[in-house]
Amino acid sequence: MHPPTEATKSAEPGASAPADSGGIREAAVFSMRMSLVGQVAGRLIQLGSSMILSRILFPEAYGLMRIVMFVAVGLAMLSDAGVHPALVRHPRGEEEDFLSTGWTISIIRGALLWLVGMALAGPVARFYGAPELEALLLVSSSVAFITGLQSINLALLQRRLQLGRQVAIELGAQVFAFCVTLTLALTLQSAWALVLGYMSYQSMLTVLSHVAIPGPRARLRLDREAFREIYTFGRWVFLSTVVTFGATRFDEFLLPKLIPAATFGVYSLALLLIEVPRNVNLQLTQTVLFPALSAFSRRNHESLVAAFDRVWRILLPTTLLVALGTAAAAPLFFAVAYDDRYLGAGWMTQLLMLMLWFDLVQTILGRVVLALDNPRFLVVANAVRFAAAAAGCIGGHWLAGFPGFILGYGLGPACATLLLAVVLTRDGLPVGRGLWLGLLIGGGCGGVFAAIPYLVAAASGPEGGEAGPHALTSAWITAVVGLAILGPWGMITARRVLQQFRAA
C-alpha cells in the first residue's frame, strides 16, 4: 500500500473531503484500497468461521438463522430511513444540527422497529411452523435499536472518504463476534450461537463507533429545517429500502415453506458464498463510489459523467469476472471446505450466478442514481425487481421445482438493471456500453460451468450423483475449466485496475 498523498493526509478527524477533482479521485482510490483490504479480510473471517461452525452445528441451525436474519436485517435496513445517504450527499451534511437530527431520527426509528420485531416474533414462528423461532426473534429484534444507536460519525467517515478507521472498527467487531460465536457453538450447539454471535457483532460495532471515532458528538435534537431536508431525500431512500428488502430477500421468505429445513440450511450457505462479492461490492459502492460521485455531482454534471465513464470501464467487466469466478469455484469450495451434508450448495451457487451479476451491476447503478439526487428512480427500479423476482421464483418453481425457483430469482435484478440503464443513458451516462456483450459472455460461460457436473454424472453412471464418488471430480474439472477461461481475462482486468490506481 502506498503512503498517503497530500490529499489523503487530509483524511484526519475533522478534515473535509478534497474539493478539487484530482483530490477527490486520489482520496477515492486510497479509500477503495482500504475498503478492499477490510472487505477481503472480513469475508475471510466470515467464511473461515462458517467452515469451522458448520462442523459443530447442523444444517437446520443455519436454516433457522437465515429466517432470523431475514427479520433482523429487514428491521435494521428500515431503521436508517436514508439518514446516512442524506448526510453523505447533502451540502449541509457536516453541520451539527444536521448530524444531531439524523442521529435522533435513527434512534427513534430503531426503537419503534424493535417493538415491531417483538410483535412479529410469534406470527413469524407460527407461519414457518417452528416454535423455537419465537424466542430467537424476540431477542434478535433488538438489533434494529442497536444499529440505530451507532455513531453518526460513521457517515462522516464515508462523506470524507476516510475509511481506514471504519475498516479497523469493523474487523475488530468481527473478530470479537467470531470468538463469541465459537464459544457459544461449542457450549450450546444450536442456532442460539449464531444469533447471539450476530448480536455481539452489532453491539461491539456500536460501542466502537462511539469510542474509536473522534469528531463531533451528536445530541438528541430535532432541528425542523434539517429534519425536512433529511426527510425530503430520505423518504425515497426509505421507500427504496423497503422495496429492496422484499426484492432481495423474497427467496428467504418463501423457500422455508417450500423445501425441508436442512435443504434451506444448505441453501443459506450458498447465499453466504454469494454474499462475499455482494457485500464487498455494496461496501465499495456505498463508502467509496457514492461519496466520490456525489462530490463530482456537487461540482457539475459533466464531471460526474467523466468520472463514471472511467469507473464503468473497469467495474462492468470486473463484476462479470467475479460472478463467473464464483460459479466456477463454488463446487470445489464446498466439496473441500465442508462435509458431504453441504455439497448441494455448490450447484445452488452456480444457479445463483445470473442473480449475482445483475445484483452487482444494479448496486453500482443505484449509487449513481443517488449521486444524481434522483432516489425516486431507485424506488421504481426496486419495485420492478420485486415484481419480476416474485414472478420468476413462483413461475420457475412451478416449471422446474427448486432449481427453477433459483433461476427465476435472477429475473428481478436483471429487469431492475435494464431499467436503471435506460434512465442513466437518458441522463447522458454511457451505461449501455458492454452490458449486452457481458450478458452473452456470462450466459455462455455459466452454461458451460453448470453443465459439467451433469456430463460427468452421465459418463460415470448411477453412482455419479451429487454426493457420489465423482462429485469431487466434477468440481475439479469445473474449477480447471473456469481457470483456463477466466485466468487470462482476470490478469488483463487486474492490470487495468492497477493502471487506473497509478494514474490517480
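Trainee: Where does Thr206 sit?
Mentor: In this predicted model, Thr206 has its place in helix H10, which covers residues 191–211.

Trainee: Is Thr206 buried or exposed?
Mentor: Thr206 counts as buried, because its relative accessibility is 8% and the cut-off for buried is under 20%.

Trainee: And which residues is Thr206 in contact with, leaving aside its neighbours within four places in sequence?
Mentor: With those neighbours left out, Thr206 is in contact with Ile146, Leu149 and Gln150.

Trainee: Staying with H10, how do H9 and H10 pack?
Mentor: Helix H9, residues 164–188, packs with H10 at an angle of about 155 degrees, and the two axes are 8 Å apart. The pair is therefore roughly antiparallel, since angles over 145 degrees are counted that way. The crossing of H9 and H10 is right-handed.

Trainee: Which residues make the contact between those two?
Mentor: On the H9 side they include Ile169, Phe176, Val180 and Leu184, and on the H10 side they include Trp192, Leu196, Tyr201 and Leu208. Taken by type, the residues of this contact divide into 16 nonpolar, four polar and one charged.

Trainee: What lies in the loop between H9 and H10?
Mentor: Gln189 lies in that loop, and its phi is near 50 degrees, a positive value in a residue other than glycine. At 49% relative accessibility, Gln189 counts as partly exposed, because exposed would need a value over 50%.

Trainee: Let's step back. How many helices and strands does the protein have?
Mentor: The protein has 20 helices and zero strands. Of its 504 residues, 56% count as buried, and among contacts between residues at least 6 apart in sequence, 84% join residues at least 24 apart.

Trainee: What about the largest nonpolar core, and which residues have the most contacts inside it?
Mentor: That core has 109 residues, and the ones with the most contacts inside it are Leu133, Tyr267 and Leu352. Helix H14, residues 301–337, gives the most to this core, with 16 residues. There is also a second, separate core of eight residues, and among them are Leu154, Tyr201, Leu205 and Ile213.

Trainee: What does Leu352 touch, not counting residues up to four places away in sequence?
Mentor: With those residues not counted, Leu352 touches Tyr267, Ala270, Leu271, Ile274, Ile406 and Tyr409.

Trainee: You mentioned H14. How do H14 and H15 pack?
Mentor: H14 and helix H15, residues 344–351, pack at an angle of about 170 degrees with their axes 7 Å apart, and they are therefore roughly antiparallel to each other. In this contact Thr326, Ala327, Ala330, Pro331 and Phe334 of H14 meet Ala345, Gly346, Thr349 and Gln350 of H15. These residues divide into five nonpolar, four polar and no charged.

Trainee: Now a charged residue. Where is Arg66, and is Arg66 buried or exposed?
Mentor: Arg66 has its place in helix H3, residues 59–80, and Arg66 is buried, with a relative accessible area of 9%. Leaving aside its neighbours within four places in sequence, Arg66 is in contact with Arg249, Glu252, Phe264, Ser268, Leu271, Leu272 and Glu275.

Trainee: And Glu275, where is that, and what does Glu275 touch?
Mentor: Glu275 has its place in helix H13, residues 261–299, and Glu275 is buried at a relative accessible area of 13%. Not counting residues up to four places away in sequence, Glu275 touches Arg66 and Arg249. Glu275 and Leu356 are 81 residues apart in sequence, while their C-alpha atoms are 8.8 Å apart in space.

How values were computed: Residues numbered from 1 in each chain as written. Predicted model: local features only at pLDDT ≥ 70, side-chain atom pairs only at ≥ 80, totals over all residues. Heavy atoms only, no water. Helix = DSSP H or I, 4+ residues; strand = E, 2+ residues; numbered from the N terminus. Buried < 20%, exposed > 50% of the residue type's maximum accessible area, 1.4 Å probe, protein only. Contact = heavy atoms within 4.5 Å. Core = buried A, V, L, I, M, F, W, Y, C linked by side-chain atoms within 4.5 Å. Axes fitted to C-alpha atoms, helices over the stretch in contact; angles between N-to-C directions. Parallel < 35°, antiparallel > 145°, perpendicular 65-115°, else oblique. Left-handed = near helix turned anticlockwise from the far one by under 90°. Nonpolar A, V, L, I, M, F, W, Y, C, P; charged D, E, K, R; others polar.
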